Amino acid sequence: MLIALRKEFLLQWRSRAQLVAVLVFGAAALLLFSFAIGPNAAALRQFSAGFLWLGLLLSSTLTLAESFHAEMENRALEGLLLLPTSPRVIYYGKAIANWIQLAIIGLSLVPVMVVLYDAGTTRILSLVFIILLGSAGLSAPGTLYAAMTAQIRSKQTLLPLLLFPLIVPALLASVKATSLVILGDPMSEGRSWIILLVAFDAIYWSLCGLLFGRVVDE
Amino acid sequence: MNKRLFSAGVALLALAVYFAVLVTIADEYWNLNISLGLPVVARTLIAVFGGLIALVLFLAADDYSDYRQPNVLIAAGIMLFLIGSYFGLFVAPPEQFMGETQRIMYVHVPTAWFALVAMTLAAISAIVFLLGGNYKWDARLEASIEVGVVLAFLLCCQGSIWAKPTWGVWWDWDPRLTTTAVLLFAFIGVLALRRFVEDPLKRAIWSSVATIIAYVDVPIVYFSVKWWNSLHQQQSSPSTVSKPFWIPLRANAFGILLLMTGFIMLRSRIAALRLKNERPPLPVVEVTT
Amino acid sequence: MTQGVVTGGWNFVIAAYAITAAILTIYGVTLITRLREERLRASKDPNAE
């Protein structure tokens, strides 16, 4: 398992230019959202959480699709499967790597959000926690579907088509929780959204791990 | 076609329709009690479970070899739907607050039930296929997903049409309606996945996996939208059928049950024939033409 | 909406029933058409058993 992780990190470190490109894409998306709303400071601040997570979601399609790119070139996937590790290990290795990548993107977009939408907050730890949970929710089913769509032709369209309806609860919960952190949470509603996120993550990290073996079977 | 299973299904269905529809009609219009001494609870259970088990029996008996059975089911379904619509449109009285729009519920509620039943059948087919590898279940999977998508789309249309006179907007973020919309997109995605994968084995396995994942998501989506909406809604969501008039509801329910079953059976045959026509042909599906 | 009566809903009722009937009928017809196509293709097929 650690070996799988180490391989993933090595791969990602080698392609860190890709990560920077996705970051720029995410920041550009946030900028575009503000143009869509217009110079209405109050509205921008109110919806800043939504923009942040939409930006992260759009960026995730690029990141996730990329995560199996190395395996598809040179047909390395078959080589991986011949190793005596179970596919489950491969899955969790990839999913964790994607999770970390998405979390990095999410955290990097926070200062962009603060600047563009005047959406600062002092509760940094809560924000970090929510971004970690939310990106985990994106990563689990995202990695599974990335593995699937990497093996077929129209991969670009299919991955978001499959993923987006699925992660609606994670998106809802993340946006609500982030919004409460930024705008204030007088009635401590944030906790129930975090619980929903944790439940979503628990269910999908286990379910997708279980099913991954069938997806990459040759 | 397994004749015994199918006949058992027909018998059970007849019993269910009898208790659900005929007993009520006899009671309301002819002041006759033909309930055979059974209390209301027992009758309701027979109606509900009888209908669902009949559905399972019809599908299990189906080996794609005959066209009479699905056609019979569809014909019976159309008849029951016409009866239910007649009662719903012309006989049932307008409701106190909802006025005439109450009548929409007599089609909306059954469509909702069976959209969910179709998706459940899809999930079950997916699991059975993953466990056994019999392509008949892949055909059923494709069929129930497509029929479920049609019903879900219909549900969104009906919900929208209901929302406009009631709330003044075409969409009111009601948790049930919103969940249906998400469900619709999720399962359209699975159908798109099937279209883009050429290898039949991969297609079957992947769409089964995707179906299971999407189906598990449905309750999660429902609860999250419910919480999300409850923080905003000023009005309380109305009950779907506040003072129900049972006859149109039940007649339509069985009508749509039979239509759905017949459609799934026909669509399964299409899927099975396509599998048979694949290059190279899969030797696992026997379909007489 | 606990007060107030919804008036004049007949158009919407007709629309709902009409859409339901239309979509179900159209879908049924497409099923029959596609089924005929597939049977035709299967019977013309030299590989068919």
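Reader: How far apart are Arg41(C) and Glu38(C) in helix α1 of chain C?

Author: Arg41(C) and Glu38(C) are three residues apart in that helix, so about one helical turn separates them. Please keep in mind that this is a predicted model.

Reader: What do their side chains form with each other?

Author: Arg41(C) and Glu38(C) form a salt bridge, and their closest N and O atoms are 3.1 Å apart. In general, side chains of opposite charge can pair when their charged atoms come close.

Reader: Is Glu38(C) buried or exposed? And what about Arg41(C)?

Author: Glu38(C) counts as buried because its relative accessibility is 2%, under the 20% limit for that class. Arg41(C) has a relative accessible area of 44% and is partly exposed.

Reader: Which residues do salt bridges that share partners join into one network?

Author: The network takes in Asp138(B), Glu142(B), Glu146(B), Arg194(B), Arg267(B) and Arg274(B), together with Arg34(C), Glu38(C) and Arg41(C).

Reader: Which side chain meets that of Arg34(C) in a salt bridge?

Author: The partner of Arg34(C) is Glu146(B), with an N to O distance of 2.5 Å. This pair crosses between chains: Arg34(C) sits in helix α1 (residues 10-44) of chain C, and Glu146(B) sits in helix α5 (residues 135-167) of chain B. Glu146(B) counts as buried, at 12% relative accessibility.

Reader: How many salt bridges are there over all chains?

Author: A search of the whole structure finds ten. One of them joins the side chains of Arg269(B) and Asp62(B), at 2.8 Å from N to O. That pair links distant parts of the chain, 207 residues apart: Arg269(B) is in helix α8 (residues 246-276) of chain B, while Asp62(B) is in the loop between α2 and α3 (68-91). Both Arg269(B) and Asp62(B) are buried.

Reader: Let us move to the chains. Which chains have the most contacts between them?

Author: Two pairs of chains touch, and the most contacts are between chains B and C. Chain A and chain C do not touch, their nearest C-alpha atoms being 24 Å apart.

Reader: How many residues of chain B are in contact with chain A?

Author: On the side of chain B there are 29 residues, in contact with 31 residues of chain A.

Reader: What area do chain B and chain A bury between them?

Author: The size of an interface is often given as the accessible area lost when the parts come together. For chain B and chain A this is about 2700 Å², with 77% of it on carbon and sulfur atoms. In chain B, the residues that lose the most area to chain A are Phe196(B), Trp206(B) and Ile213(B), which together account for 24% of what that side buries.

Reader: Which helices of chain B supply at least two residues to that side?

Author: They are α6 (175-196) and α7 (200-230) of chain B. The largest share, 16 residues, comes from α7(B). By class, the side of chain B that touches chain A has 23 nonpolar, three polar and three charged residues.

Reader: What is chain A itself made of?

Author: Chain A has eleven helices and zero strands. The radius of gyration of chain A is 18 Å, close to the 17 Å given by the globule rule for 218 residues, so chain A is as compact as a globular protein of that length. The C-alpha trace of chain A spans about 55 × 30 × 30 Å along its principal axes. Buried residues make up 51% of the 218 residues.

Reader: What share of its contacts join residues at least 24 apart?

Author: The share is 83%, taken among contacts in chain A between residues at least 6 apart in sequence.

Reader: Where is Gly213(A) found?

Author: Gly213(A) is in helix α11 (residues 190-216) of chain A. At 21% relative accessibility, Gly213(A) counts as partly exposed.

Reader: And where does Asn33(B) lie?

Author: Asn33(B) lies in the loop between α1 (3-29) and α2 (40-61) of chain B. The relative accessible area of Asn33(B) is 64%, so this residue is exposed. The C-alpha atoms of Asn33(B) and Val23(B) are separated by 7.1 Å, and the two residues are ten apart along the chain.

Technical notes. Residues numbered from 1 in each chain as written. Chains lettered and ligands numbered in written order. Predicted model: local features only at pLDDT ≥ 70, side-chain atom pairs only at ≥ 80, totals over all residues. Heavy atoms only, no water. Contact = heavy atoms within 4.5 Å. Buried area = accessible area lost by both parts, 1.4 Å probe. Helix = DSSP H or I, 4+ residues; strand = E, 2+ residues; numbered from the N terminus. Nonpolar A, V, L, I, M, F, W, Y, C, P; charged D, E, K, R; others polar. Rg over C-alpha atoms; globule rule 2.2 N^0.38 Å. Buried < 20%, exposed > 50% of the residue type's maximum accessible area, 1.4 Å probe, protein only. Salt bridge = Lys/Arg side-chain N within 4 Å of Asp/Glu carboxyl O.
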